[in-house]
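Please prepare a short report on the structure shown here.

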Amino acid sequence: MPLDTSTTYPLTRLRLDGRRWNELRLLQAQISTNPASSGSSYLSMGNTSIMCSVHGPAEGRRGDSGAAGSGHAVVEVDVNVAGFAGVDRKRRAGGSDRQSTRIGTIIRSTFQSHLHTYLYPHSTISIHISVLSADGSLLAAAINACTLALVDAGIPMPGLLCGCTAGMSGSASTPRDPRHDELDPLLDLSLPEEQELPSLTVATTTAVPVGENNMDDDEEAMKVCVLTMESKVHATYLETMLAVGIDGCSQIRELLEGVIKGSRG
Amino acid sequence: MKSLRRDLSANPQAANVTSKVFVRSTKSGKVQKIVRELYLREDIPCSSKLCSQCPTIAPADANGKIAPFILSDRPAGTTAFPRGHYIVPDTNALLNGMDLFEHTGAFYDVIVLQTVLEELRNRSIPLYNRLLALVKSDEKRFYLFFNEFRRETHVRRGPEETINDRNDRAVRMVATWYSSHLQQSAKKGKKEKAIPAIVVITDDKENLRKCKEENVAALSLSDYVSGLEGSEMLLDMISESKDARDAKETTRGEFFYPEYFTMSKLTTGLRAGTLHQGVFNVSPYNYLEASVKTAAFDKPLLILGRDNSNRAIAGDSVVVEVLPQDQWKSPSTKIVDEEAVTRNDNPDTEETDAVVTDRERKALQEEVKKAHGKNSDGKPQPTAKVVGVIKRSWRQYVGHVDSNSTGSQASGRRQQNVFLLPMDKRIPKIRVRTRQASDILGQRILVTIDSWDRDSRYPTGHFIRSLGELETKGAETEALLLEYDVQYKPFPKSVLDCLPSEGHNWKVPVSKEDKGWTGRKDLRDLLICSIDPPGCQDIDDALHARLLPNGNFEVGVHIADVSHFVKPNNPMDLEASIRGTTVYLVDKRIDMLPHLLGTDICSLKPYVERYAFSVQWEMTPDAEIVSSNFSKSVIRSREAFSYEQAQLRIDDKSQQDELTESMRTLLKFSKVLRQKRMDAGALNLASPEVRIESEGDEVGDPLTDVKTKAMLDTNSLVEEFMLLANITVASKVYESFPQTALLRRHATPPPQNFEDLQKQLSKKRDMELDVSSSRALADSLDRCIDPKNPFFNTLVRILATRCMTSAEYFCAGAFGESEFRHYGLASPIYTHFTSPIRRYADLMVHRQLASAIGYEGEDGHAVIEGVSTRNKLEDICRNINVRHRNAQHAGRASIEYYVGQALKARGEKMAADGVDAGIEEEGYVMRVFENGVVIFVPRFGIEGVVRLEDFVLPGESGARSVAERRELAPHRTTEFDSEEYTLCVEEKGHPEKERSVTVELFQKVRVNVSSVKEEGRGAGKRRVRILVTEA
């Protein structure tokens, strides 16, 4: 069995898979992979790979009066983790488990507020996410895949929404000692790291400059849209983790922009 | 639809990503295929100070720091590699020679490969941890090179290649890369001259051959060591098992011991209830008898004889199978020492064909007779045999070489087998191969057990190091510390760095605005004093009492505020949690916390201001508690008394000052509290303890320093208030942390533990011991009085104490509330709070109490400091329980050693005057065996085994040497009555009453105590010889 991060990382500053602390995994993506949908994408971050397709905006279903009546489009999300995605094959295919429900809920509420839904009253935008293989940072990868698919579908949004995870190695459950002020944050966790270390998922967006706005006030326009953490970490570490995560998001944003521009040409 | 397959050609980075695929099977038997990515890189430095390239590419970590380069630019050379060399060991080399790598004389500049580290972790976790410790320490210059992540040294497993071959290839690849890398990048000027050789160390013949083919310098571990200075000693440190196995495969196919069951057979057996698991516990009186306590049986299962114990060693966690009922026996009534029975075994040959030699069989035979004899009272107990070992608890053992086992030509450098006799009587002899038998003879040495194969009567082990001459103070003290696993090395720098920078000049801040005062009460006005044993430097506690305007009293216990200085999870805290407790030896104290804290900054010294954690009660004049309150505080102790001084001051009627008055109040209260506790059923237990008070005067009789502990009123004054504080704090902490409070419990002992003692008492003294509750026990103990023998009561208390379970720390969530009870103190809940300087548990409780009362601390962190997960807390509890017990044992062993030495010094002095008569003392019979008795001598707090030869029969001179006495043993016979607990010793053929001695249990006897140089097992320990002179 390979070594774990917590014992060897302090000695070599190399993570389980040979990355440094601030390196993303290899991110590859394509859009318009499924011509039958309004927009689609395929994205892999390391060994996590996700297929996403968007249908709509389409006419809202009848009886779905709750949000439909408010003059906004309704975002629906369906997450399916394939039975072969993890290490152990799951027999029960299709059914939703806690993890996929959670991802679905977060993505739904995120994009419900992120997209310019007021442009499509009484309609539905449905997003379908298929996780083909899961190797950590699932939520972040799903957010990125959705962003690409929504861009492909041509649904307007203020800017690309990019997600990323950040973790903290070492004993993060106790306060940091001001005299030994050494923090070991890690960017973009893989599955073994996620199981071992506390981590958070953050997604940011930067509004695309419109009109006279220049490119240089990038930083100010940046907005954190999603911030979620399920593990326990002492509050003193949070700031560093968040900073590293946000930095990762902007790296991912450049990569996604490259994917979008590349597919156009 | 587009192809979704990864298109690697488009992305330039993708070329560096590869993946590692491996298959593992889970506990439930599932097979999992794991795919991991590997990012290959070129910025992993070689870490040699010679290199000029790597410093430019070495990456910075998240704090912008670059790891310093480790490997020396002038590595040590050997005859084979005069220009210096870096060592690249493979996994086998580390498995066989970890002790060598830890040796300080050689093995510097080692490159540890990731491949090797991973393989080692799979093979042996303890070795892996030791290797990591080496990598972390600076002085040995071990560099962990992650070769699998470096592009040049990454090796892909070939289609037909075994994993071992692949790993070996990876090692060779690194060696090749290192040499060419250093050639290219060595700093100019040094080129050609001093590029160190890269030496692969491997014990794999195939690998050695391939190294030769590929032009990589490679040596086997023993060849490499032979080329070093002092190679004899180093060679002995190579693990024995591998060599021996090679040799044996060819020579012998004969087995002494039955094979262990397979793991799956064991687990099914355990689940089905046909097999039982427990810890293998060897009897201290009979090395052939062991017991295993299992959940299924009330009484422990007996394991008799070598073939039944099947290579299990004391402390191992074993699986046993119960033997058929006709083989059940009663426990032994005989003292059997290993060295007496197997004195003549030859370590080089396994001449006898059976595992049980005739002499051993004879020793056991008598047991069988007994079991089937008339004896109805000693019902046979279930016996069992070991069929598997779940977990070995082998450690390093201290012992000495059996001089009988060394060959006649001991002077030669030839390698030979010798027996090592461990100090611990329960551990069998260990066979050790050595080239330096003549040098290590007569020394205390440290060895470790490597293996115990079926074809070997004794376990094999290897030499680690010598501690020094037998019986020298340094060697014996170190031996003691090693044997009880006490961490005695000086504190490392990382720990000392955690101390306050002001050092001894640290003071409580003058200004109350200072953050140090946040949340602290100013109690400097109170008349506080401390009462401790004389010469105490680490003062944990101080007390005060004063009259309140409403007629009640305010009583305060103030404890050193250690948690203020020791923050969680810094190196100092981790070190303290490992040490667990301060260990007190006769002439040495092994501190849990660095000196500066323990004896100065934390210690509640008189006349200076100190931080404290205070517990204050309002009490009515009848010592009823009205309210209690906890606070961090600042105090100024007015005086530090010793128990005697305090007693004198209280008794001195002329002293009428406020401080003395407050001490009188405290004393008055303590008596009330004590009475209340006794009424609730607290036990007044006794332990055979003596104190050594050395005034350092060399001239006097050293034996006068040995004092039995005197109990003054002031001792119990302090004790009562500490108990009260502990109990009060325990309830408060439990209230706030129902799951994670650190508490201490003393389980109610199961009644069957007392069965033997009850039987003995009713038989010999017609006394009853009621064990139905602690109250009943306390009362019945009070009634066990022999008017003619004032010590009898204490003796019974000592024996009763041994029947009980020991108290333990636990985490509140681990037991139901009803199980929290402290049996001995008759308190429903208890913890340790009052000695944070010397116990880690107290420090944890301080943190918990601080957060329970919402103390925020200097930086607002204190609230969460106390909160810890239950898992972590349970680990801590487990460790401190072990440490606590070891510390007690080490302390006792130290006193025993001191008494032995004092007797020896006295003996030598007397010998100068021409007589070596020993000391006449009173002793009490504690246990009766068939061939000896155990006698307790209260004057020195020692108990010793008295064998047949050490009975002085009437009409015989007591003054005989040890050797002469040993000759007597075969001429004596005994009559042993196991129901009456009597033993009658007589000379063979002389059954006359006048010429025999009869002793019985609890009897008071006159004994002659002297110290003799013990041979065999306890050599160097100065066995205290007890001669029974008068029954």
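The sections below go through these topics in turn.

## Model and confidence

This is a predicted model, with an ipTM of 0.86 and a pTM of 0.71. The mean pLDDT of chain A is 84, and 82% of its residues score at least 70. For chain B the mean is 81, and 84% of the residues score at least 70.

Within chain A, the element with the lowest mean pLDDT is helix α2 (residues 65-68), at 51, while helix α4 (residues 138-153) has the highest, at 95. In chain B the lowest mean, 49, belongs to helix α9 (residues 240-251), and the highest, 94, to strand β21 (residues 553-560). Residues 244-252 of chain B stay under 50 in pLDDT, and the model has three contacts beyond four places in sequence for them. Residues 368-377 of chain B are also below 50; this stretch has nine contacts in the model beyond near neighbours in sequence.

## Chain A overall

Chain A has seven helices and nine strands. It has 265 residues, of which 46% count as buried. Taking the contacts in chain A between residues at least 6 apart in sequence, 76% join residues at least 24 apart.

## Nonpolar cores

The largest nonpolar core contains 240 residues. The residues with the most contacts inside this core are B:Val88, B:Val112, B:Leu113, B:Val320, B:Leu742 and B:Leu743. Helix α27 (residues 870-912) of chain B supplies the largest share of the core, 13 residues. A second, separate core has 66 residues, among them A:Met51, A:Val81, A:Leu139 and A:Leu161.

B:Val320 can be taken as an example from the largest core. Residues up to four places away in sequence aside, B:Val320 touches B:Leu275, B:His276, B:Gly278, B:Val292, B:Leu301, B:Ile303, B:Ala384, B:Lys385, B:Val386 and B:Val387.

## Strand pairing in chain B

Strands in a sheet pair through backbone hydrogen bonds, in either a parallel or an antiparallel sense. Three strands of chain B form an open sheet with antiparallel pairing, in the order β33-β34-β35. Its edge strands are β33 (972-977) and β35 (997-1000) of chain B, each of which pairs on one side only. On average, neighbouring strands of this sheet are turned by 15 degrees against each other, direction ignored. Four bridges link strand β34 (residues 982-987) of chain B to β35(B) in the antiparallel sense, and B:Cys984 stands opposite B:Thr998 in β35(B).

Elsewhere in chain B, strand β17 (residues 460-469) pairs in the parallel sense with strand β15 (residues 430-434), over two bridges. Here B:Val432 stands opposite B:Gly461 in β17(B). Strand β16 (residues 443-451) of chain B runs antiparallel to β17(B) and is joined to it by eight bridges. B:Gln443 has B:Glu469 in β17(B) as its bridge partner.

## Backbone details in chain A

The peptide bond from A:Gly56 to A:Pro57 is cis, and its omega is near 5 degrees. A:Pro57 lies in strand β3 (residues 48-59) of chain A.

A:His122 is not a glycine, yet has a positive phi of about 55 degrees. It sits in the loop between α3 (98-114) and β5 (123-133) of chain A. A:Ser137, also not a glycine, has a positive phi of about 50 degrees and is found in the loop between β5 and α4 of chain A. Are these residues buried or exposed? A:His122 counts as partly exposed because it has 16 C-beta neighbours inside 10 Å. A:Ser137 is buried because 30 other C-beta atoms lie within 10 Å; the cut-off for a buried residue is 20 or more.

## A residue in chain B: B:Tyr584

B:Tyr584 belongs to strand β22 (residues 583-584) of chain B. With 15 other C-beta atoms within 10 Å, B:Tyr584 is partly exposed. Apart from neighbours within four places in sequence, B:Tyr584 is in contact with B:Arg589 and B:Gly891. B:Tyr584 and B:Arg546 are 38 residues apart in sequence, and their C-alpha atoms are 35 Å apart in space.

Notes
Residues are numbered from 1 along each chain as its sequence is written. Chains are lettered from A and ligands numbered from 1 in the order in which they are written. This is a predicted model: local features need pLDDT of at least 70, side-chain atom pairs count only at pLDDT 80 or more; totals for chains, interfaces and linings use all residues. Two strands pair if DSSP finds at least two bridges between them. Axes are lines fitted to C-alpha atoms, for helices over the stretch in contact, and angles run from 0 to 180 degrees between N-to-C directions. A residue is buried if 20 or more other C-beta atoms lie within 10 Å of its own, exposed if 12 or fewer, and partly exposed in between; C-beta atoms are placed from the backbone. Two residues are in contact if their C-beta atoms, placed from the backbone, lie within 7 Å. A nonpolar core is a set of buried Ala, Val, Leu, Ile, Met, Phe, Trp, Tyr and Cys residues joined through C-beta atoms within 7 Å. pLDDT is the predictor's confidence in each residue, from 0 to 100.
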